[in-house]
Each structure stands twice: as structure tokens, then as C-alpha cells.
Amino acid sequence: MAYMSLKDIDVCYDKKKQVLKGLDLEVQEGELVSLLGPSGCGKTTTLRVVAGFIEPQNGVFSLDGEDLTKVPVHKRNFGIVFQSYALFPHLSVYDNVAFGLKMRKMQKAEIDQKVKRILEVCDLTEFGGRFPQQMSGGQRQRVALARALVIEPKLLLLDEPLSNLDAKLRINMRMEIKRIQKQLGITTLFVTHDQEECFSISDKVAVMNQGVIEQFDTPENIYQKPETEFVARFIGFENFLSLRKDGHGYKTESGAAFAVDTGNREGVCMGTIRPEDIRVAEEGQTQNILEGTVGVRTFLGKSYQYEVLTDAGKFLVNRPAEETYEEGSRIRLYLPEQKLILVS
Ligand SMILES: Nc1ncnc2c1ncn2[C@@H]1O[C@H](COP(=O)(O)OP(=O)(O)OP(=O)(O)O)[C@@H](O)[C@H]1O
Ligand SMILES: [Mg+2]
């Protein structure tokens, strides 16, 4: 059985709109799982259910074999860093971080050792004596993170914990989060809008769409093998080709023949491919070919990106900078079968 599980969770804030719709998620002990999806899809709501801030209308949340669905927030003892989860304004940074340990009645010397260690990790050593209102947004965010990590919780919930940090500090902090999380084996749910951050830090990624999880997989699989058009578009695929199953292969609407290595879908489906995976056809090649006219060209540094207008729609194609094609010229594109992905 999974260490943490959400089973068939329904949440409605008001009667009109259901925000989570039978959501299922299973996380193994020690894993870091990210929720990724467009604004409003229900990521924060999912974390609120896990944290205990809201009780779902239906469904069960369990951790380590225990049903916690009706257990209040303060009895769950999770580490939480939410977008708007404030620090205690009347306590110094040191005391904010020490708070959870004092509540656990830990010895003073042990508290001091743990707090100093985590302040160092979060690059806050010099700020121990300050109060939250004397700190910048990014510094406060790090205090919130230190406060959540120091208690070595059974579950760590992070909702955009790095959003106020500059790019360099963000990368340092995400590596720190991953390191501490692995070192202490803390099972973690992480929400971020930054896809690179999400893919780099996660053991698994749950891509959410309108209150359900569309795909739950490793970052590599999500990136290389999106299963639905929604997931593919969300992670940046822009080239889509409508295909119909035809014998062992597929045909486009205008009858061009395509073969696809992976996946097998009946009826009508979508093929998708990244711009850098499209080649220019060699003479004599007849399968997986789209003919089109070269449109706008954009310089990307190592390559040019071309818009190519084909009878199956517009395709973006990246070609090395040494190889150029003039606007208005005809071009035959080859979509290698190993790189063409079928989505539903
Ligand atoms: N307290 C509330 N009362 C009513 N509706 C709410 C409440 N909180 C959130 N919602 C609605 O529920 C939906 C999901 O919200 P949620 O905060 O979970 O989204 P999210 O995925 O975290 O988005 P973002 O990426 O913008 O943070 C949204 O349509 C939102 O407007
Ligand atoms: Mg949110």
C-alpha cells in the first residue's frame, strides 16, 4: 500500500463548482511528488485537503495506513509552506524556526543545534535575531521553509515555496530542498508553476487539469511520452497532427501514410512531435512526410525555427543555423516514427 494516499477526493467550495473531481494520488515513502497544472486547476486545494485546512465532501486521505481525513490540522504535524502561510510577526526568525521544536518539548541544547543547522542551510544565519517585518519577501520565504523543515515532518507540503526568490537563489534552494528531503527521507508534495523546477526536483509529477490528475509519472516519461493532448500542450508541444488508424499504420486527413513506433490507438487520435525532432526529408522517402511552404523564420541561436504551413496545419521546425530555407520555398518534412508520439 502507498505511504500517502488520496482516494476519490471531491471538493466543492460552493454548490455551483466542483473543484476536485474524484482525485486519486498515491505517493510512496520518501518520494517528492510535484503537482503541475494551469492556474485554478486545484493544486492548492489538493494540498489544503492533505494539510487538513478543508475536509473533502467525499473521499479518504490516509498516511502510513491511518485514515486522517477528519483529523484537524494541528494534530497532523506536517511541515507546511503555503503561498500565504504567514510567520509569527512577534517572534524573531530564530524563535519562528524553533517554535515547532519547543511545542514538542525538546531539550534547549538540541533545539539550538537543529535551528542553527537549518538556518545555515537556508542561508539565514545572520538573520536569527530579526523579526519578519524586517525581512524581504524572499528571506521570509526561506524562514517559512526552515520552520517547516526543522521539525523533520512525516509529510512536507510546499506550495510555490520559492516564488519570491531570484533565479540564482531559487536554483540553490531547490537543490537544498531536494538534498534535505532525500537526506531525511521526508515524503513531500510540491507545487510550482516553474516546469524546469518541477522536472528537476521531482521523483514523480502529477499533471492536473480541472480537478483531476491527467498523468502521473516520472519527469522523464511526462516529458518524452505525454499521454494526452492536454499534457502535451501543457509541457510545450505545439505541433499536432490528426491521424486515423489504417491497417498497421496511420493516415492523415489528406491520406499521407504514417508509421509510429510507440503507442497504439484506435480510430482518430493526435500525433505530436517537438520542433527539434522534425527533419527535412531525403529524396525517395515516402512515409511520415508532410509537404509545406516555409513561413516566418526566427533565430534561436544554435538553430532557426521555421513556421511551415502544411495541409495538416502549421508546424514549427528547428533546423541548425548552417542550414537555411527561404520564406515561400517548398519543403518536405520528415517526422521520424520514433519521435512521433500519439496522444488521446
Ligand atoms: N475559498 C474558496 N472559495 C471558492 N472558490 C475557491 C476557493 N479557493 C479556491 N477556489 C477556486 O477553486 C479552484 C481551484 O483553486 P486552487 O487554488 O486549488 O487552484 P491552483 O491550481 O492552486 O491555482 P494557482 O496555480 O493559481 O495557485 C479555482 O477555480 C478557485 O477560484
Ligand atoms: Mg495555488
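This is a predicted model: local features need pLDDT of at least 70, side-chain atom pairs count only at pLDDT 80 or more; totals for chains, interfaces and linings use all residues.
The largest nonpolar core has 35 residues, and V97, L124 and L145 have the most contacts inside it. At least two residues of this core come from each of α3, α4, α5, β7 (155-159) and α6 (167-184). The greatest contribution is that of α5, which supplies seven residues. In soluble globular proteins, nonpolar side chains tend to be buried together. Leaving aside residues up to four places away in sequence, L124 touches L119, M135, Q139, R142, V143 and A146. Another core, of 28 residues, lies apart from the one described above; L47, L68, A206 and M208 are among its members.

Helix α3 can be followed residue by residue. Its buried residues include V93, N96, V97, A98, G100 and L101. An α-helix has 3.6 residues a turn, so residues three or four places apart point the same way. The cover over the buried residues of α3 includes α4 (108-121) and α5 (137-150). After α3 comes K105, with a positive phi near 60°.

Aromatic contacts come next. The structure holds eight aromatic pairs. In one of them, F53 and F82, the ring centres are 5.7 Å apart and the planes meet at 55°; the pair is therefore tilted, since edge-to-face would need an angle over 60 degrees. F53 belongs to the loop between α1 (43-51) and β4 (58-63), while F82 belongs to the loop between β6 (79-81) and α3 (93-103), so their pairing ties together parts 29 residues apart in sequence.

Elsewhere, F299, Y304, Y306 and Y325 make up one aromatic cluster.

Rings also take part in contacts with a charge. R274 lies over the face of Y223, 3.8 Å from the ring centre. The charged end of R274 also sits over the ring of F237, at 4.1 Å from the centre of that ring. G236 is in the loop between α9 (229-234) and β11 (239-246). With 39% relative accessibility, G236 counts as partly exposed. G236 and Y223 are 13 residues apart along the chain, and their C-alpha atoms are separated by 9.2 Å.

For β15, the pairing with strand β19 (residues 330-334) is antiparallel and runs over two bridges. R279 stands opposite Y334 of β19.

Notes: Residues are numbered from 1 along each chain as its sequence is written. Chains are lettered from A and ligands numbered from 1 in the order in which they are written. Side-chain values use heavy atoms; hydrogens and water are left out. Rings of Phe, Tyr and Trp (its six-membered ring) pair if their centres lie within 6.5 Å; planes under 30 degrees apart count as stacked, over 60 as edge-to-face and the rest as tilted. Helices (H or I, at least four residues) and strands (E, at least two) are DSSP runs, numbered from the N terminus. A charge sits over a ring if NZ of Lys or CZ of Arg is within 6 Å of the ring centre and within 35 degrees of the ring normal. Two strands pair if DSSP finds at least two bridges between them. Buried means under 20% relative accessible area, exposed over 50%, partly exposed in between (1.4 Å probe, protein chains only). Contact means heavy atoms within 4.5 Å. A nonpolar core is a set of buried Ala, Val, Leu, Ile, Met, Phe, Trp, Tyr and Cys residues joined through side-chain atoms within 4.5 Å.
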